[in-house]
Amino acid sequence: MIKDPQARIIHKESWRDYYLFSLESPRIAHQAHPGQFIMVRVTSEPYPLLRRPLSIHSKDGNHIEIFFQITGLGTSQLSKKATDDTLDILGPLGKGFNIIPDLEGKEVVLVGGGRGIAPLYFLAHQLRSLKSSVKIFYGGKTLEDLPLKEKLETNGFETYCSSDDGSFGFKGLVSELLKAELERLAPACIFACGPEPMMRKIAEIARTKNIRAEFSLESVMGCGFGACWGCVKRIRKGDEEEWLKVCEEGPVFSGEEIIWQEEEK
Amino acid sequence: MTDLSVDLGFLKLKNPVLAASGTFGYGLEFEPYIDLNKLGGFIVKGLYYSPREGNPPPRLVETSSGLLNAIGLPGIGVKRFSEEILPQLRKYNTALIVNVCGEREDEYASVVDYLNKEEGISAFELNISCPNVERDGLCPALNPESAYSVVKLVKKTSSRPLITKLSPNVTDIVEIALSAQEAGTDAISLVNTFLAMSIDVETRKPKLANILGGLSGPAIKPIVLRMVYQVVRQVQVPVIGIGGILSGQDALEFLIAGAKAVEVGTANFIDPESTVKIIEEIEAFCQKNGIDKIEEVIGTLKA
């Protein structure tokens, strides 16, 4: 947990409303683990007031990447930053994915919906270094919501794409594509990030097939480091249910732990 | 070197900057970012006697230069606080203030009674003003009789000085401040959050699950400053100002208006180093203006 007030943007790419920044932040990069996030201050002015939580998309030496979509004023202002601008960031925060040693050499499936692909790219690299066989499922509304598909392929990841309108890859939801492919694949674990309805469907599929699954949840956050209690989700711990902080206890939770919104009374 | 210490009468602070309850966790969350010894003090998250869950999400909405929250005071209760948190906080050489909550008057007294025996607590801050616990923001700080009654009871129970944190959601803040003083409070902190709401126009639903929440941040600062200005002219006990302080300049406005100290709240979320930076900015202001003691600044409004 480090504050870096001077993380320099060394590279920037964009596609429609999706952005990729590479940041020079040695101390945060050295500690970063897949599934962790940073809190980014988008302005020094009092509006927008709060930092924005963004997943760490990759790390390489002294650099980390963030991949985000414009979803409001904060990310809109962030998108206007240019190469050589510096960002005030806190990180790495949260617990990240459980990359247990028994995934070594096993088949592992990652499922990203839209901007939910962000933390999975970092995870994919880590799993590959464990010699896991990584299959990435990547879904979006249209072709334009799959801006990272070339990057995934160039990096040699076996990628299965879907689009709701059929403009690229399988026509339909990424959860449907996953369900069809699981007739053939037998992953030791599924890691997913994306819209909650997508993750809920994947949790259901994983439960039916008895496959371990972990999900990275998105939440509005006040601070990102456990002080405000603002980002809670309903989580099952044994026989108990609690509102747990996504920033501190998550953002990654297992499929059995998460009580999805539609299940709530 | 400027002398930044301020004397509340019942408690001497090494500087006038306290971290506000509800924005500073149990203090430990800030250890990676700042040296807690540098603070005038910090006020831990509101404690009820028993553990509490808090409200369902969404609990937070950002508004123009403000933050709307309906957290609902989740917490670990006095027993776990005493056993797990307090031993980790005693090493700090700064004022540790515990924010005390209750669903009924006797619960406030039970919290204080339980914590009386614990070492290392400098004072209690009585939270009679959280808008997110009962429906429509009801709380004892909304009328002078209920404020008087709970302050009186807790003061009788407490072995430590008592700071009473008031609500801004009243017609006449001075009237409530006077009743808290009459009931025996040692100081008054002004203010808790402003009852407020926000609506999603697409779904036509409130943005907070709780419908109503409490507004904090720079948006409220001028209103709180006005309240501090009004209250310090009428009460004898020290007043602590709380509301949208982001900088040393903001803190100085409150001190000039007559607050003996300030609490920094929402700023802790934006930058966990805020409290320390504000202390440095106050010191720089004093040095630039040839002020030897910060107490020389308090209540010096030229009006």
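This is a predicted model: local features need pLDDT of at least 70, side-chain atom pairs count only at pLDDT 80 or more; totals for chains, interfaces and linings use all residues.

Colleague: Into which domains is chain A divided, and how far apart do their C-alpha centres lie?

Modeller: A domain division is read as residue ranges, and in chain A these are domain 1 (2–93) and domain 2 (101–263), with C-alpha centres 21 Å apart. Their contact draws 20 residues from domain 1 of chain A and 19 residues from domain 2 of chain A.

Colleague: Which elements supply the side of domain 1 of chain A that touches domain 2 of chain A?

Modeller: Those giving two or more residues are β3 (37–41), β4 (52–55), β5 (58–60), β6 (63–69) and β7 (86–93) of chain A, and the largest share, 3 residues, comes from β6(A). By class, that side divides into 12 nonpolar, 5 polar and 3 charged residues.

Colleague: How many residues does each chain give to the contact between chain A and chain B?

Modeller: Chain B gives 28 residues and chain A gives 21 residues; on the chain B side, β5 (60–63), β6 (66–69) and α7 (267–270) each give two or more, and the classes there are 14 nonpolar, 9 polar and 5 charged.

Colleague: Why is chain B described as being as compact as a globular protein of its length?

Modeller: Chain B, with 8 helices and 16 strands, has a radius of gyration of 18 Å, close to the 19 Å that the globule rule gives for 303 residues, and therefore it is as compact as a globular protein of that length. Of those 303 residues, 56% count as buried.

Terms used:
Residues are numbered from 1 along each chain as its sequence is written. Chains are lettered from A and ligands numbered from 1 in the order in which they are written. Domain bounds come from an automatic or database domain assignment. Two residues are in contact if their C-beta atoms, placed from the backbone, lie within 7 Å. Helices (H or I, at least four residues) and strands (E, at least two) are DSSP runs, numbered from the N terminus. Ala, Val, Leu, Ile, Met, Phe, Trp, Tyr, Cys and Pro count as nonpolar, Asp, Glu, Lys and Arg as charged, and the others, Gly among them, as polar. The radius of gyration is taken over C-alpha atoms; the globule rule is 2.2 Å times the number of residues to the power 0.38. A residue is buried if 20 or more other C-beta atoms lie within 10 Å of its own, exposed if 12 or fewer, and partly exposed in between; C-beta atoms are placed from the backbone.
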